Amino acid sequence: MEKNPSKGYIALLGWSLNAIEAAENFDRRYVVVAPDWAEEYCKQHDIPYLPWNFERLNDRSMEIAQTLQEMGVDVAVPLFEETVEWAGAINSVLLDNPRLLGQAMLMRDKSLMKRRAQLGGIRVGIFEEAHDRDDVIRFLKRVNQTLLKLDGDPNDPIHFKAFDKAGCLGHRVIRTPDDVDAIPEEEFPALMESHLDGWEFAVEAWVHNGKIRFLNISEYVTLGYSVFVPASPELERYRDLITRQIEKLVRTFDIEFGFVHPEYFVTSDDEMYFGEVAFRPPGFKVFELLERVYGFNAYQAMMLVFDPKATEEEVAAFFPKEIVDAKGHAGCFGVYPRRRVVSKLEIPEETEDHPYFESHELTPPIEETVTKRTAFGTHWGLIFFAGEDPHQLRDLLKHQEELDFYI
Amino acid sequence: MDNDTPTSTPVGDRLPGLLEKLDSATQALANAPDFAKPGKLGRVLDIARRVMLQEGGCAAVEERAEILEEAGLYLGSDWATPHILVPSLTTHSLKSPDMATVVIEALSELRLLAVARGDYTHPLISQEQAHHYLTQVMAMNLSLLFSGPSEAERETQGRLAQLPRLLLQHLASRIGYEHVIDRLIEEIWRILHQRPIQVDSVKQMITQIAICQVDPEIDLGTSGQGADRLVSSLYGPTQTCREDPGVAVFAERLRGMDGQALQMEATGFARAMHDTGLVSPYHAILLRHLMDHGDYLVAEALGLSSTGRDCLLCYRELVMALIREAVHPTTPQSAYGMALMLERGILYQPAVAPSLWRQLALPLSQWSRDRLQMAYGDVATPRALLLEGVLCMLGQPLGVGQGNNPTCQSARALSMWGFNDPDYLLQMVAWAARDDEIIMHFEGQPISSRESLSGVATELPMDLDAVSLLVVPHLDRIYAEMGRRCVDRGGDPHRWVNPEFHGWWSGRGFRINVDVETGLLVDLEDFLRHFYASYHPYYNGNQPLIHPQPAGIAVTDSAARFIGWHAITILRVALDPEDYMRVYFFNPNNDSGQDWGDGVTVSTSGNGERFGEGSLPFEQFASRLYIFHHDPLERGELADISTEELERVIDHMRRSWGAQRLSGEQLQATSGA
């Protein structure tokens, strides 16, 4: 698309074809900052590209920021958890705002993030940091003592999340000391939280000039398996409450612009508990689901709200109206093989023939033996559904858990 | 096998919803910059697949052909250059287990259809070119047009197997059947020349032609004229039933006929039957009617020569009983089997007639009845179906086919027994059909088919003639068990298994030219010289082959690439009408006429073949041979064949399955010789 030089020049941090495609079709100049293995591909396809290997922030961090500044880049947009702190560092230079780095570091550390939230008056569960397995055992015991459990009663689970991993990666549910033994060394340090019996959901919010410009509620049907947007009326009835929570979050974390993806629990007494928040696109292709129902490209939306040159009018015109502008509901289901040994991919007829079924991203199995899932793990691919009725969609997504896609 | 319905469950019309999805996926593909297109392709293909499986789906895709291509569907693939696509490759791509390959091929066909119809002006291919290409595609894939998916296709393609069929039907309805008919007729005659026992798919093809001929919507032009004999042999072989009046009317007409008229009928039906190997249901009615009108007319209606007539007269009671039990309008092929069986004179072998009496009275086990019914439905009683199968196997022992199953060994054994040892075959049928068990002996040890659990085939084969349907599962298990008993012996187990499995006449001497360990060719010269000495009349003292002998060949495809090992029977070695020495053999594969590449094309007619035989010039046959049996007590010395001839054979090997198997030493030896 024709680029408008009066609008912002955006750096995309990390390699995402969907994001690049969105940038290509957007009226802003862009450059992809990615490891050097992407160079040949970018050359071949005329994709503006700057090589950079994202490791831990180090002495050379300034170098990339200056390079981008010299190129005239206005802002950097993080596409992955690992590039969030890089975006913070780069943007603090580009926008001459040192606090942006600190803000990004908060987003990268689950424990710091929780403390900050707590300081801001946001409700969180009981949590603690773990540096080794003994910490985990102690926490498990203490939480269950608090719940007045006797020795031998089944434990209430605790959640264990590696500090700096995205989403469900490194997220484990711990019930017994055996579960603790199964945690690999490299997942420490980690955050431990008590289990909240509630309804977990996620939010995607685009913030511009300190105000929420679009707020989506993603309803989890089963955590780690399925999600759909917009949420069912039962969850959407909390929208006002949720919006106030997110406003609190935006204030607490001092967010002027950008995109946040927090997770919350709502308990049976309508109390909201903060889980965690991320400063990058959500997993499970929620962006694609949003595009399916609302028609706007969520990556372009990110570039827009990050762009310091974006005007109020442009932002207001870009976003549709939540819920009322949605064309039905869209959801996806992450497939895990259910058998130990699989030989082929076969989409169940009932799934494929369902009018809500849209498409799938499953590929034939590469190996026959299925490795046992440890943490929430990685699914083998997503299946997309869309339809008018949120309840039918929810039940459909739930039902997929009982089907074999790999046999 | 039939519990998975080919297309969709009828929950309303899914097409509009799917088309909406297809259009939006196509739009997304079109909007994507080139580098992002591959990521959008999968969705378009998957939805297109679902669309094409719906009724009217192919038409809808045809309408979108131009939009799809412009969106970048074929970008970077061979299909982007339709003017250089090769029609014959479609037979592979449409049967591919890979969804994307099948779908993109189908989409490309529909695009060319739009071009051929003049709806889409393509920059690279003209309307005429597209039309010509599609005509060839249809002719190449005739079987897809007229038959349901085989078991093998179901296994590899699943529901996808339906897609090429729907595609071909759509192509044919748009391009016109007239362009395929002539090719189809040729194909049918070629198959019928081999006189297969199973003729259902042939009948289906002929029926399609008949339907096209009477459909006023279809203009066949000048094509399809060669179909008359085929169609009439099924639907109206004589004047009395020319207009296909239905069996009741025909039976009524017969009742009003005198001897002269019946004689005319009998001759007419017999001619049709022997011309094609196909039997009309009316023929069964006629035969049943003629039973009360004297043996002479029955013999006429079966088209018997003096040999067959003699046989009929000698065993009159038996033949009448067989007609009564086996020949019905729903089992008409039994008449052809009967006629050929009588002609073979095998009833004069003392054990055969009593065995057939046993067969007539044979109680079938529940399992046998169920299986027959599962495979054929309830068109006739299981007993009549089995009798028809028995008569056909005795009359056309070279018409046995293995279906789409890896059971060539069992099919070969059945054929060999039908040919050489008919009462033994009948014994096997009795054991299998009545007792659900066959016991054979391997080196003195009994092997029960009931105790040997697994065979070569992992699933029970269904696409077989009635006899094979009941007997093959037993034979397959026994064969596999014999193989299991040889595992620790080293070398190829066929050395021991073949003679024990097939019969005493299989030579105990055994030659193989492949080293089982390495897969390399070994002792090639000795092997060939020995083969010539054993089988070639010029080198074995002009001794015609006495008994059919099992042999193993390396099957190659039309590009001469190795496909697999295959069991066949060498039947005779003789001079053909051109005075060229040929090997005539039986191939249990359903269609012997195969192109094995490098100029080696198995002939099934025109070179002195009898019905069901395949043949190759001796040299060419030797070049695909890897196992043969011989009598160890017969002439041991190697044939003194010329080095030129030997070279020619080895060159054939080198250019085909032997390419990777000839070690350097042999190459040297032969090139130095």
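How many residues does the contact take from chain A and from chain B? I counted a contact as heavy atoms within 4.5 Å. The contact takes 19 residues from chain A and 17 from chain B.

Ground rules first. The model is predicted: local features need pLDDT of at least 70, side-chain atom pairs count only at pLDDT 80 or more, and totals for chains, interfaces and linings use all residues. Residues are numbered from 1 along each chain as its sequence is written, chains are lettered from A in the order written, and side-chain values use heavy atoms, without hydrogens and water.

**Interface.** I looked up the buried area (accessible area, 1.4 Å probe, that two parts lose on being put together, summed over both). Chains A and B bury about 1500 Å² between them, with 43% from carbon and sulfur atoms. A:Glu21, A:Glu352 and A:Asp353 supply 35% of chain A's share, more than any other three residues.

**Charges.** I searched for salt bridges (side-chain nitrogen of Lys or Arg within 4 Å of a carboxyl oxygen of Asp or Glu). The rule finds three across the interface of chain A and chain B. B:Arg43 forms a salt bridge with A:Glu358, the closest N and O atoms being 3.8 Å apart.

**Cysteines.** I found zero disulfides (cysteine sulfur atoms within 2.5 Å) over all chains.
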